[in-house]
Amino acid sequence: WVALQNVHLAVSWMPQLEKICEDFSPETVNSNFRLWLTSYPSPKFPVTVLQNSVKMTNEPPTGLKANLYQSFTTDPVSDPKFFSGCPEKENVFEKLLFSLCFFHAIVQERKKFGPIGWNIPYGFNDSDLRISLQQLQLFVNEYSHIPLNAVTYLTGECNYGGRVTDDWDRRCITTILRIYYNEEVVHDNKYKFSPSGSYFAPPSGPMIPTSSLSNSFHLLNCRKCLVCTIMWTYLENSKTQSNSSRIC
């Protein structure tokens, strides 16, 4: 088996790839041979190769709820060791972790609005979130105070910003990030992500869903369940927008 990764980066080699694939035949190729190609969408990718291949796609989820759900149920957030990796600083880490996942969902959803969202479409993906989360944990553990300037620069200018080529888009993404990375997120339980007040980071600690949340999980008062509790209670609370649905 042969695996070629990120073939979209080798645009000049695409015609040769097409010719190689056209020359495949049962008489000259072993029956156990397989060719795996990974690529971002590219107008230069050979159409004939696509037509004669079995295609698998990995697309970002649609909607804030689906984005948050995926972020909390995939590595590294889904790993209890990572989620509880900031002993004695759980409140800081959990609040900023949720804020970062929400920011990730926002920059993904903005692509739906074309040039109103971003002047140029960018391929933000889970690797940007993963490295940003790992850096966040590292800085929270290493410093006695919240190193917001450092994590904001790394996240906004390097990890996500490294993909951004338009100056106005770069200014936009760093401005959006400041909504989610600030002191108020950590210290003010009433801090809202939007003027509507529907979106906010839930407080750290055990969560007790109200009876109005019909799809809520059966929860335990342990930090292992907090990841599911934070996500589900927050999402359902935002969905119902009811005074009776509050995060306890």
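## Helix 5 against helix 6

In this predicted model, helix 5 and helix 6 are roughly antiparallel to each other, because their axes cross at roughly 160°, an angle that lies over the 145 degrees beyond which a pair counts as roughly antiparallel. Helix 5 spans residues 90-109, and its axis and that of helix 6 come within 10 Å; the crossing of the two is right-handed. On the side of helix 5, the contact is made by Val 92, Phe 93, Leu 96, Leu 97, Leu 100, Cys 101 and His 104, and these meet Asp 126, Leu 129, Ser 132, Leu 133, Leu 136, Gln 137 and Val 140 of helix 6. Sorted by class, the residues of this contact are 10 nonpolar, 3 polar and 1 charged.

## Helix 6 against helix 7

Helix 6, which covers residues 126-142, also has an axis that comes within 10 Å of that of helix 7, residues 148-159, and here the two axes cross at roughly 165°. Helix 6 and helix 7 are therefore roughly antiparallel to each other, and helix 6 passes helix 7 in a right-handed crossing. Helix 6 contributes Asp 128, Ile 131, Ser 132, Gln 135, Leu 136 and Phe 139 to the contact, while helix 7 contributes Ala 150, Val 151, Leu 154, Thr 155 and Asn 159. The classes represented in this contact are 6 nonpolar, 4 polar and 1 charged.

## Helix 5 against helix 8

Helix 5 packs on helix 8, residues 167-180, at an angle of about 145°, with the axes 9 Å apart, and helix 5 passes helix 8 in a right-handed crossing. From helix 5 the contact draws on Leu 96, Ser 99, Phe 102, Phe 103, Ile 106 and Val 107, and from helix 8 on Ile 173, Ile 176, Leu 177 and Tyr 180. By class, this contact holds 9 nonpolar residues and 1 polar residue, with no charged residues.

Rolling a probe the size of a water molecule over the atoms shows where empty space is left. The structure holds 1 cavity of 30 Å³ or more, and the largest cavity has a volume of about 50 Å³. Its lining consists of Ser 71, Thr 74, Asp 75, Pro 76, Val 77, Asp 126, Leu 129, Arg 130 and Leu 133, with helix 6 giving the most, namely 4 residues. The lining of this cavity divides into 4 nonpolar, 2 polar and 3 charged residues.

Asp 75 and Pro 76, both in that lining, are joined by a cis peptide bond with an omega of about 5°. Pro 76 is placed in the loop between helix 3 (64-72) and helix 4 (80-83).

## The largest pocket

The largest pocket has a volume of about 1,700 Å³. Among the 41 residues that line the pocket, Leu 37, Thr 38, Ser 39, Lys 55 and Met 56 are the closest to its centre. Two or more lining residues come from each of helix 1 (14-22), strand 2 (35-37), helix 2 (47-51) and helix 6. In terms of class, the lining of this pocket divides into 17 nonpolar, 17 polar and 7 charged residues.

## A positive phi

Most residues other than glycine have a negative phi, and most peptide bonds are trans. Asn 6, although not a glycine, has a positive phi of about 55°, and this residue lies in the loop between strand 1 (2-4) and helix 1.

Conventions:
Residues numbered from 1 in each chain as written. Predicted model: local features only at pLDDT ≥ 70, side-chain atom pairs only at ≥ 80, totals over all residues. Heavy atoms only, no water. Axes fitted to C-alpha atoms, helices over the stretch in contact; angles between N-to-C directions. Parallel < 35°, antiparallel > 145°, perpendicular 65-115°, else oblique. Left-handed = near helix turned anticlockwise from the far one by under 90°. Contact = heavy atoms within 4.5 Å. Nonpolar A, V, L, I, M, F, W, Y, C, P; charged D, E, K, R; others polar. 1 Å grid on protein atoms, 1.4 Å probe; cavity = no way out; pocket = protein on both sides within 12 Å on 5 of 7 lines; lining within 4 Å. Points joined across faces, edges and corners; volume = space filled by probe spheres on them.
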